[in-house]
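Visitor: I have a model open here and would like to talk it through with you. Could you take my questions as they come?

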Amino acid sequence: MNTPNAREAEERLEVIWSGARDGLWDWDLAADRLRLSARWRSIAGLAEEDAVAAPPDWFALVHAQDVDGLKAAIRAHLAGETPHLEHEFRLRHADGGWRWVLCRAAKHPTAGLLGGSLTDVTARRAIEDRLRHQLAHDPLTGLPNRALFLDRLAQSLLRTRRPGGSPVAVLHLDLDRFHHVNDSLGVEAGDALLLDIAGGISSLMRLGDTFARLEGDKFGIILDGVRDGQEAVALAEEIGAVLRRPRVLRGHEIICAGSIGIAVAAHPLVRAEDLLRDAMSAMHRAKQDSATLYEIYDPELSAKAKERLRLEGDLHHALERRELVLHYQPIVSFATGRLSGFEALLRWQHPVRGLVRPDRFIPLAEENGLIVPMGKWVLVEACRQMEEWRRGISGTGDLAMAVNLSARQFEDPDLVNEVAGALECTGLSARGLKLEMTESVVMARTRENAATLQALRDLGVRLLIDDFGTGYSSLASLHSFPLDSLKIDRSFVCRMEFEEEKAEIVRIILALAAKLGLDVVAEGVETAEELRMLRDLACQHGQGYFFSTALDRESASAWIRDAPVW
Ligand code: C2E
Ligand code: CA
Ligand code: CA
């Protein structure tokens, strides 16, 4: 018989049971009976008459992957190992779907009851899942990002420890000259290209492989359970084929290339970061040779990477320690057969290594921005030298000095002032200076670039496109830029007498330049036959080892004094 107080308590409990937003339940341990509130049932979509009378009925509703975890949590709590039961699992809804629920409960110390609540946390889990996905994926391609890639790689490396576990291979892909696409066709075109390439590579993946976008134009692949590097090599070749597929972006045909580094590990103690770094240094080695698609990591490489770091450290002091020098390569006019000017080429007189070629240090200087102060120095020094020759040696009044400008210098808002200042402080007339820049700088259709080009032209300085034919420039749009000359890249000139295709390209460039009223400098002239062919094609200027290599200032002075006539 309930006392009035007990009845009141019962009634209050009833209110709570029916009113609570959470489902409530208790489990009479001795009788093995469950009592569930209406809300509990509605979370599972159950009607009043659906019998869930004992724990086995409940467990039957729990997701197969979650049921053992739930039972273990209950057991641990009943055994006094945990102060509360608190566990999330999936519960089947009558509609056939799953609901994520949070079950919280405690055992009554004397009554032989386990009781608590059940909360539907499906919405919260969905948000968490989405967040987790966003944190781990690249928004553009939807591929895993670097963090997830490293996480998965760590897992894969752990699996190599299992009996019969086999090695893991990592591929690191970096697109070649991708920034040219961004610079010349715009970021949207760059994104479209990345998406297309990512799609193509995704289709090569097997179940269980990971393909991630590490950053920008760098991608990573994990191949689990390989026998050796051969599977990775086969995949690298397939990726190469995907890259080479011709693509048309904004009316431009784009031929893509990339460099791939491969590293293989068979040991669980290898760190994911280290394996990725190994693959990356192999990639850098592949990049050094444009004909090489992939390289496999070998430990000697990391010595080279260290060397690169050391070189970069030294480069920071090169300017202040006056270790930079200019060499001058003669440029010959085909019309007169005489010297028409020089190209200033930078050299680094390293105290220990001796003369370092620009290919070794200019890419470093471009990456870390040192090219900007170095370029300023080159500009002034080259102008000063030209003016010194013009004043000191007769017959040099028409010679011009060509100076290379890197893309980074072009971003410097002070560039036009620097050029004007270099002319002013050295006294060289603007006609005595030519600036060489690559296609991507000229084609980057930003208003700033167009304005800078025009401002340089307004100074009276002449503008050249360097390495013409190797970039993405659209021939048709050349006329809209204030240019004076094209320099045909030496890869077309060199051996043009043996390779008809090269000769044809040179012919086309010359015809185009004539139409646009531009004159042409052929780079890399190495033989008398090349000189003859270029003359026949009415090319105006030539530069190359056939005439002379780049000379230090004394040798260049001597060359001016008794230059041969070709
Ligand atoms: P570039 O502007 O295309 O310069 C021409 C390069 O071709 C020079 O290499 C030159 O020595 C080399 N060369 C000339 N004739 C021949 C030939 O007949 N056959 C062959 N195989 N090569 C020939 P170098 O001096 O090693 O310069 C390499 C690159 O470094 C230059 O290529 C240029 O892009 C860059 N560079 C050099 N000096 C400067 C500079 O002051 N500023 C900037 N931004 N870049 C520079
Ligand atoms: Ca040049
Ligand atoms: Ca060049």
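Visitor: Let me start with one residue: is D466 buried or exposed?

Guide: This is a predicted model, so what follows is computed from predicted coordinates. D466 counts as buried, because its relative accessibility is 8%.

Visitor: And which two ions does D466 bridge?

Guide: D466 bridges the calcium ion (ligand 2) and the calcium ion (ligand 3), and these two ions lie 3.9 Å apart.

Visitor: Which residues coordinate the calcium ion (ligand 2)?

Guide: The calcium ion (ligand 2) is coordinated by E343 through OE, N404 through OD1, E436 through OE and D466 through OD, at 2.1 to 2.3 Å. Along the chain, these donors follow the spacing E-x60-N-x31-E-x29-D. N404 lies in strand β16 (residues 400-404) and E436 in strand β17 (residues 433-438), so this pair ties together parts that are 32 residues apart in sequence.

Visitor: Of those two, N404 first: what is its relative accessibility? And what about E436?

Guide: N404 counts as partly exposed, at 27% relative accessibility, whereas E436 counts as buried, at 1%.

Visitor: What are the protein donors of the calcium ion (ligand 3)?

Guide: They are D466 (OD), D467 (OD), E523 (OE) and E523 (OE), lying 2.1 to 2.6 Å from the ion. The donor residues are spaced D-D-x55-E in sequence. As for D467, it is partly exposed, with a relative accessible area of 27%.

Visitor: What does L435 touch, then?

Guide: Leaving aside residues up to four places away in sequence, L435 touches L379, V403, L405, V419, L456, V461, R462, L463 and L464.

Visitor: Now the sheets. What is the strand order in the mixed one?

Guide: Five strands form that open sheet, in the order β7-β8-β6-β11-β12. β7 (210-215) and β12 (294-296) each have a single partner strand and stand at the edges, so one side of each is left without a neighbour in the sheet. From one strand to the next, the twist averages 20°.

Visitor: How many bridges join β6 to β11?

Guide: Eight bridges join strand β6 (residues 168-175) to strand β11 (residues 258-265), and the two strands run antiparallel. On this sheet, D174 stands opposite S259 in β11.

Visitor: Which strands do helices α8 and α10 lie across?

Guide: Helix α8 (residues 187-202) lies across β6, β7 and β8 (218-223), running at about 155° to β7. Helix α10 (residues 272-287) lies across β6, β7, β11 and β12, and runs at about 145° to β11.

Visitor: And what is the order in the antiparallel sheet?

Guide: That open sheet of five strands has the order β2-β1-β5-β4-β3. Its edges are β2 (33-36) and β3 (85-92), each with a single partner strand, so one side of each is left without a neighbour in the sheet. The twist averages 25° from one strand to the next. Helix α4 (residues 67-78) packs on this sheet, touching β1, β3, β4 (98-107) and β5, and its direction makes about 155° with that of β3.

Visitor: Last topic, the aromatics: how many pairs does a search of the whole structure find?

Guide: The search finds 13 aromatic pairs. In one of them, W58 and F89, the ring centres are 6.4 Å apart and the planes are at 45°, so the pair is tilted. W58 lies in helix α3 (residues 55-59) and F89 in strand β3, so the pair ties together parts that are 31 residues apart in sequence. W58 counts as buried at 1% relative accessibility, and F89 counts as buried at 0%.

Visitor: Which aromatic cluster are they in?

Guide: W25, W40, W58, F59 and F89 form one aromatic cluster.

How values were computed:
Residues are numbered from 1 along each chain as its sequence is written. Chains are lettered from A and ligands numbered from 1 in the order in which they are written. This is a predicted model: local features need pLDDT of at least 70, side-chain atom pairs count only at pLDDT 80 or more; totals for chains, interfaces and linings use all residues. Side-chain values use heavy atoms; hydrogens and water are left out. Donors are N, O and S atoms within 2.8 Å of the metal (3.2 Å for Na, K and Ca); water is not among the atoms, so sites may look incomplete. Helices (H or I, at least four residues) and strands (E, at least two) are DSSP runs, numbered from the N terminus. Buried means under 20% relative accessible area, exposed over 50%, partly exposed in between (1.4 Å probe, protein chains only). Contact means heavy atoms within 4.5 Å. Two strands pair if DSSP finds at least two bridges between them. Axes are lines fitted to C-alpha atoms, for helices over the stretch in contact, and angles run from 0 to 180 degrees between N-to-C directions. Rings of Phe, Tyr and Trp (its six-membered ring) pair if their centres lie within 6.5 Å; planes under 30 degrees apart count as stacked, over 60 as edge-to-face and the rest as tilted.
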